[in-house]
Amino acid sequence: MALNIEEFLAQDEAKDLLRLLTAGSVDDGKSTLIGRLLFDSKRLYEDQLQALERDSKRVGNAGDHIDYALLCDGLKAEREQGITIDVAYRYFSTNRRKFIIADTPGHEQYTRNMITGGSTANLAIILVDARQGVVTQTCRHSYLVSLLGIRHLVLAVNKMDLVDFSKERFDKIVSDYKAWLDAQGINIPDLQCIPLSALEGDNVVEKSANTPWYEGQSLMDYLETVPIDQDINMQSLRYPVQYVLRPNLDFRGFAGKLASGVVKVGDEVMALPSGKSSRVKEIVTYDGNLDEAFAPQSVTITLEDEIDLSRGEMLVHPTDMPHVGHHLRAMMLWMDEQPLDATKAFYIKHTTNTTRAYITKVHSRVDINTAQRVPSDGMALNEIAEVSVTAAAPLIFDSYAENRQTGAFIVIDPVTNFTSAVGMIIGEDEARRGAATTTVNLSEYNLHSEEYDTVIRFCEELRARTGIDIECIK
């Protein structure tokens, strides 16, 4: 029996994890779909079922049916209004895979909540009401899904029971949706279209006899089998240093989580931004040393040479280098109630690095309803724009299209500590490419240590505020 338990635990630990989000317009049935997935896959405990049946009679919005949306809509305001306001996460597993589901709100004013839920997702389910078809919010969320780089998308045409499971209606919605994607130039590598009824359970876990014309998988079958192995960049080693471990004089290790790629003992690595090279001596974990590690493992790496490396810096393979610089272009979603103040210095958090930065220019804003670019010189809540960012300290980054981990950042208000924006890096700021760098060698001056620090902070602030490339060397 003990052996069987150990085998079961080992098998459960070996399951891969699929992160997904649900999106769509108001009342399309996002929360109901998640509740139905949990119910039909027998992933609810007895007390949860009893509470669900009791709450359905008291505050439910599904008539005589069980209101499965109550499994996700836990806020009092959500139950009173029958809508989703905040992101709700649900965790469950089947015999084949583990899942984390983010139930995101459908209202336009909660777009920032949808971005939060989708920032780590591998797959998105966009629901469409079979009676309404493709609406503005469908297009808005589809654009955001493409912006977030989510490669797998399910167009779930819900409430098919209300249109008599009409094949013609389903085909029309799918055709309209694909035509909109083509018109906007949006390419979804893996698009699946599934007719279903979340309330009745048709095509949710089991194939439905009500749609004999549908030859594809049920939603649960697809979620269990969709391949996500290629979603993480395994080619480019990116190891942001989180902490330097120094328990004794004989050990100096760099702890962190591999953002992407694979590292092996003996690999030549380069420390950025210093550019110093060494080789991997050991890959240390709590369970013992490894010969190799891969994303997204958390490990401690020791090097054969003593080089200066601290939090915010990165180890990479010298044959596959990221961008290193102060200036970048990005698509940015503004999440603050207060509009962007271009004169304000923010903090930018990128991987493990946090430094001062300015939003130096807003190039254009995206009209989210049409996905077209319009001229703009500012940003307000939930608006998306292409911007230029100048950081005080050098950032080590890739484009978001190449690497989601090193291509994303958040912007923090230094006064309120609120997350003001999230950004997806396009690349280097071409306008700043080749700009001359002014180097000031402070060792030529007889300065006290406090004066050194003051001058360096001033140079960083000047660089961030004006975009002038100035480097201070002690």
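The legends below describe close-up views of a predicted model, in which local features need pLDDT of at least 70 and side-chain atom pairs count only at pLDDT 80 or more, whereas totals for chains, interfaces and linings use all residues. Residues are numbered from 1 along each chain as its sequence is written, and side-chain values use heavy atoms, with hydrogens and water left out.

View 1. Phe-170, Ile-173, Val-174, Tyr-177, Trp-180 and Leu-181 of H7 are buried (under 20% relative accessible area, with exposed over 50% and partly exposed in between; 1.4 Å probe, protein chains only). Seen down the axis of H7, the buried residues fall within an arc of 125 degrees, so they line one face of the helix, the arc being that of the directions from the helix axis to the C-beta atoms. The face turned away from this buried side carries the exposed residues Glu-168, Asp-182 and Ala-183.

**View 2. Aromatic pairs.** A search of the whole structure finds three aromatic pairs, counted for rings of Phe, Tyr and Trp (its six-membered ring) whose centres lie within 6.5 Å, with planes under 30 degrees apart taken as stacked, over 60 as edge-to-face and the rest as tilted. One of them, Phe-92 with Phe-99, is stacked at 4.9 Å centre to centre and 15 degrees between the planes; Phe-92 is buried at 7% relative accessible area, and Phe-99 is buried at 1%. The rings of Phe-170 and Trp-213 have their centres 5.6 Å apart and their planes at 45 degrees, so this pair is tilted. Phe-170 counts as buried at 6% relative accessibility, while Trp-213, at 22%, counts as partly exposed.

**View 3. The largest nonpolar core.** This core has 43 residues, and Leu-21, Tyr-143 and Ile-384 have the most contacts inside it; a nonpolar core is a set of buried Ala, Val, Leu, Ile, Met, Phe, Trp, Tyr and Cys residues joined through side-chain atoms within 4.5 Å. The largest share, six residues, comes from H7.

Technical notes: Helices (H or I, at least four residues) and strands (E, at least two) are DSSP runs, numbered from the N terminus.
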